Structures are given as structure tokens and as C-alpha cells.
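Here is a friendly note to read alongside the model. Take the points one at a time, and find each residue in the viewer as you go.

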Amino acid sequence: MHTQTGADTAPAPAFAARGSSHYDIILTLMCVVIVISNIGATKGVVLGPVFGDFSIVTDGGFFLFPLAYILGDVISEVYGFKAARRAIFTGFAVAALAAVSFAVIIALPGFDDDYGQAKQAALELALGPVWQIVLASLLGFLAGQTLNSWVLVRMKEKFRERALIGRLMASTGVGEFADTLIFCAIAAPVIGITDASGFINYVIFGFVYKTLVEFLFVPVTAVVIKAIKKREPSYGAAVPAGTPEG
């Protein structure tokens, strides 16, 4: 005679359907953050010296990009892994469109006076490398955000609604490490980082900074997640993450 265990009787983790205005708003914000971060990342940034001769090496998108992961956490926790994956692919479709648009704008013939030539040169310098940044961002964010979402959702299967802050922190650490390493490996030469010490500085600061920012915002992220859950009529229906609705 088979006796049901706790695993047999435990309800599936709850998720909301993605056909919701809340999901649309969060997805739109994520796309905007990705595009702006990719443009900002074409600029190398040196902060310091912080102490002695040591300076921090990063890029112009460093202050905004962590928001993309915070929004990804919200989508993963509220709407599930499939909805998060759709958000990732949508974000990079938009980023790819932006990169193609910049390439077309640069290729179009402009005014041949001094001012027109100066603007053309500025566009080429500022927006020309964006496609390489998009590639770095695509591969890094695709790997990192997928791992982030997967870890968060799998932990939710075990803990259900409990330990939200712990789940957010654990998934963030895994996702950000993969993202930072892949992104920096591709983007470093584009923004002018060519030596090993500069690259290590770039990777370490990027990982530590983005992870700390997300850790600091975890309480806020948790409050936002709980508020959205309360306002999502379909959340109580326990939509599985693997279904078309999740």
C-alpha cells in the first residue's frame, strides 16, 4: 500500500499568468534598462584613485544594469521561469534592434560641413561599438539571468513562499558571476581594457558591485514582489512555471 509523502501532497509553487499589465510594465522597464546600459557600456570609466594608486575600472552602464536583474527577480518569482525566459529574449531582441538601428544611422550620408563631420565622428565613436556590447550583453545576460531565474524558481519549488530574501540573494550571486565573467571577456577590448590586471579589476569590481547593489535592494525587491503578488488576480491560482500561462 502506497503512503503519500509530503512531496506527493505538497502543492505546486504559485505563479501568476503573464497576460497582465503588471508583467507588461516590468518587461518594458527591463528592455529600456538593457538598451540604455548597452549604450553606456561603450564608455570605459575609471573611479579613483580609491586608495593609493588603485583605481576602479568599469563601464558607463555599471550604475543602471543591476536594475535589470532586480526586475528579472520580480518576473521569475511572480510569473515563473518561462515568463522570465520570454522577458530575456524580448529584451535582447530590442537591444539587437537598437544596435542595427545605430548601424544604419551611422551608415546614412550626413552633411559634409565641419559640424556634420564632427557629429558623424562622434556617432561612430559612441554608437559604433554598441553591437559588440550587445553581443557581450546578450551572451552574459542570457547565461546569467537564465541561471538566476532557474535557481530562484527551483528554490521556490522547495521552499514555496518562504525564505524569499535568501532565495533572491542565492540566485543573484550565481547569475551575476556568470553574467559578469562572460560580459567582461567580450566587452573589455571594446572599451579599451587590454591588460590582465585591468581585466581582473573589471571583472571583480563588476561582480562585487552589482551583487552588493542587488543585495542592498533585496528588501525593496521583496516588498515589490509581495505587493505585485497581492495585486495579481491569477497568482492564487498556482499557475505552474512550465505552462503557457506561467
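**Notes on a predicted model**

1. At 16% relative accessibility, Phe205 counts as buried, because buried means under 20% relative accessible area. Keep in mind as you read that this is a predicted model.

2. Phe205 has a partner. Phe62 lies in the loop between strand 2 (54-59) and helix 3, while Phe205 lies in helix 8 (residues 196-216), so their pair ties together parts that are 143 residues apart in sequence. The structure holds seven aromatic pairs. In the pair of Phe62 and Phe205, the ring centres are 6.2 Å apart and the planes stand at 55 degrees, so the pair is tilted.

3. Leaving aside its neighbours within four places in sequence, Phe62 is in contact with Leu47, Phe205 and Tyr209. Phe62, Phe63, Phe205 and Tyr209 form one aromatic cluster. To get a sense of distance, look also at Pro219: Phe62 and Pro219 are 157 residues apart in sequence and 21 Å apart in space, C-alpha to C-alpha.

4. Phe177 sits in helix 7 (residues 164-191) and Phe207 in helix 8, so the pair ties together parts that are 30 residues apart in sequence.

5. Now turn to helix 4. Why do its ends lie where they do? Helix 4 (residues 81-107) has 27 residues, and at 1.5 Å a residue these should span 39 Å; the end C-alpha atoms are 39 Å apart, which agrees. Among the buried residues of helix 4 are Ala84, Ala87, Ile88, Gly91, Ala95, Ala98 and Phe102. The buried residues of helix 4 pack against helix 2 (21-40), helix 3 (66-79), helix 5 (114-127) and helix 6 (130-159).

6. Where is Gln145 placed? Gln145 is in helix 6. With 2% relative accessibility, Gln145 counts as buried. Leaving aside neighbours within four places in sequence, Gln145 is in contact with Ala68, Tyr69, Gly72, Ile88 and Gly140. One of these, Ile88, is among the buried residues of helix 4.

7. Finally, step back to the whole chain. There are nine helices and two strands, and from the N terminus on the elements run α-α-β-β-α-α-α-α-α-α-α. The C-alpha atoms fill a box of roughly 85 × 45 × 30 Å, taken along the principal axes. Of the 246 residues, 46% are buried. Among contacts between residues at least 6 apart in sequence, 80% join residues at least 24 apart.

8. The accessible surface comes to about 12,400 Å², and 71% of it belongs to carbon and sulfur atoms. The chain has 17 positive and 18 negative side chains, with the centres of the two sets 14 Å apart.

Note on methods: Residues are numbered from 1 along each chain as its sequence is written. This is a predicted model: local features need pLDDT of at least 70, side-chain atom pairs count only at pLDDT 80 or more; totals for chains, interfaces and linings use all residues. Side-chain values use heavy atoms; hydrogens and water are left out. Helices (H or I, at least four residues) and strands (E, at least two) are DSSP runs, numbered from the N terminus. Buried means under 20% relative accessible area, exposed over 50%, partly exposed in between (1.4 Å probe, protein chains only). Contact means heavy atoms within 4.5 Å. Accessible areas come from the Shrake-Rupley method with a 1.4 Å probe; for residues, only the protein chains shown count as cover. Lys and Arg count as positive and Asp and Glu as negative; His and the chain ends are not counted. The place of a charge is taken as NZ of Lys, CZ of Arg, CG of Asp or CD of Glu. The expected span of a helix is 1.5 Å times one less than its number of residues. Rings of Phe, Tyr and Trp (its six-membered ring) pair if their centres lie within 6.5 Å; planes under 30 degrees apart count as stacked, over 60 as edge-to-face and the rest as tilted.
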